[in-house]
Amino acid sequence: MIWLIVGLVIIGFLIWWLIFETEGVYLGRRVVIWLYDIYAQRYDRIKNFDPVYERELLAAPILGYFAPFNTLNILDVATGTGRLPLALVEHPAFNGKIIGLDLSRNMLAVAANKVKDDRVAWVHSPAETLPFKDDSFDAVTCLEALEFMGDTQQVICELVRVLRPGGLLLVTLRINTRWMPGKTHTQQAFVTMLEACGIGHVTIEPWQVDYHRVWGMKEGGDSQEPPIPQF
Ligand SMILES: C[S@@+](CC[C@H](N)C(=O)[O-])C[C@H]1O[C@@H](n2cnc3c(N)ncnc32)[C@H](O)[C@@H]1O
């Protein structure tokens, strides 16, 4: 009897870890996306993002990097419910176009319903194979998502492929997690991964409880391009 209880506790813990703690990442991409499809309607309530904070800490630094130019072409990979597109279109200085891309149709549906703006387009696609030509975007972003993807290095290089030389990459580095082996990286290891894909001037800075913000610039641009500012 005692072994039955121990067995059930272990199985229960495993299910909790695989589904809730690590959001299905060890079960493959289909499970991750299935879970986001289920959570889509509740995502914004759970996250409770503050629009002022989002505008000041996400949109403003991106626009500041390119200022005074604001006619930008931006790609937000794993956009979820449109967090970054919303922050950008609500910023008075933004005058460009942004594509929000995600593999969860339900997350995209919530995003499209929330962010109604002609400057935003939504694309359903995996991050691993982006449906865009090389060097297409001035900035590419991917927030709170790399750790849920199969091969982080491959996805980073795919983000960089569609970023123009001199363009800005903004991604997040998961921290404070002991339960995602192989899915979290030290700062040094993360910088090495970015550099291996052609990103230089990497800046890592504290941001949220679970994430650092990571900025970098694609090599090969005009040498007059400004360095990554310290935000
Ligand atoms: C934690 S949410 C982050 C959403 C948004 N970036 C934010 O900061 O609120 C992770 C998102 O990554 C998406 N995602 C996970 N794996 C993906 C993949 N391989 N390709 C595209 N999107 C993916 C999920 O559907 C989900 O919307």
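In the predicted model, 14 residues of domain 1 are in contact with 15 residues of domain 2. On the domain 1 side of this contact, helix H1 (2-21) and helix H2 (29-47) each supply at least two residues. H2 gives the largest share, with nine residues. Domain 1 covers residues 2-45, and domain 2 covers residues 51-218. The centres of the two domains, taken over C-alpha atoms, are separated by 25 Å.

The protein holds seven helices and seven strands. Read from the N terminus, the order of elements is α-α-α-β-α-β-α-β-β-α-β-α-β-β. The radius of gyration is 18 Å, close to the 17 Å that the globule rule gives for 231 residues, so the protein is as compact as a globular protein of that length. Along the principal axes, the C-alpha trace spans about 70 × 40 × 30 Å.

Angles under 35 degrees count as roughly parallel. On the H2 side, the contact is made by Tyr36, Asp37, Ala40, Gln41 and Tyr43. These residues meet Arg105, Asn106, Met107, Ala109 and Val110 of H5. The contact of H2 with H5 contains six nonpolar, two polar and two charged residues. H2 also supplies nine residues to the side of domain 1 that touches domain 2.

The second pair is helix H6 (residues 152-161) with helix H7 (residues 187-196). Here the axes are 9 Å apart, and the helices pack at an angle of about 45°. That angle makes H6 oblique to H7. The crossing of H6 past H7 is right-handed. Thr152, Gln153 and Ile156 represent H6 in this contact. Their counterparts in H7 are Met193, Leu194 and Ala196. Four residues of the H6 contact with H7 are nonpolar, two are polar and none is charged. In the contact of H2 with H5, by comparison, two residues are charged.

Two local backbone features were also noted, each in a loop. Ala67 and Pro68 are joined by a cis peptide bond. Omega at this bond is about 10°. Pro68 sits in the loop between helix H3 (51-66) and strand S1 (73-77). The other feature concerns Glu23, a residue other than glycine with a positive phi. The phi value of Glu23 is near 50°. Glu23 belongs to the loop between H1 and H2. Both H1 and H2 supply residues to the side of domain 1 that touches domain 2.

Methods:
Residues numbered from 1 in each chain as written. Predicted model: local features only at pLDDT ≥ 70, side-chain atom pairs only at ≥ 80, totals over all residues. Domains from an automatic or database assignment. Contact = placed C-beta atoms within 7 Å. Helix = DSSP H or I, 4+ residues; strand = E, 2+ residues; numbered from the N terminus. Axes fitted to C-alpha atoms, helices over the stretch in contact; angles between N-to-C directions. Parallel < 35°, antiparallel > 145°, perpendicular 65-115°, else oblique. Left-handed = near helix turned anticlockwise from the far one by under 90°. Nonpolar A, V, L, I, M, F, W, Y, C, P; charged D, E, K, R; others polar. Rg over C-alpha atoms; globule rule 2.2 N^0.38 Å.
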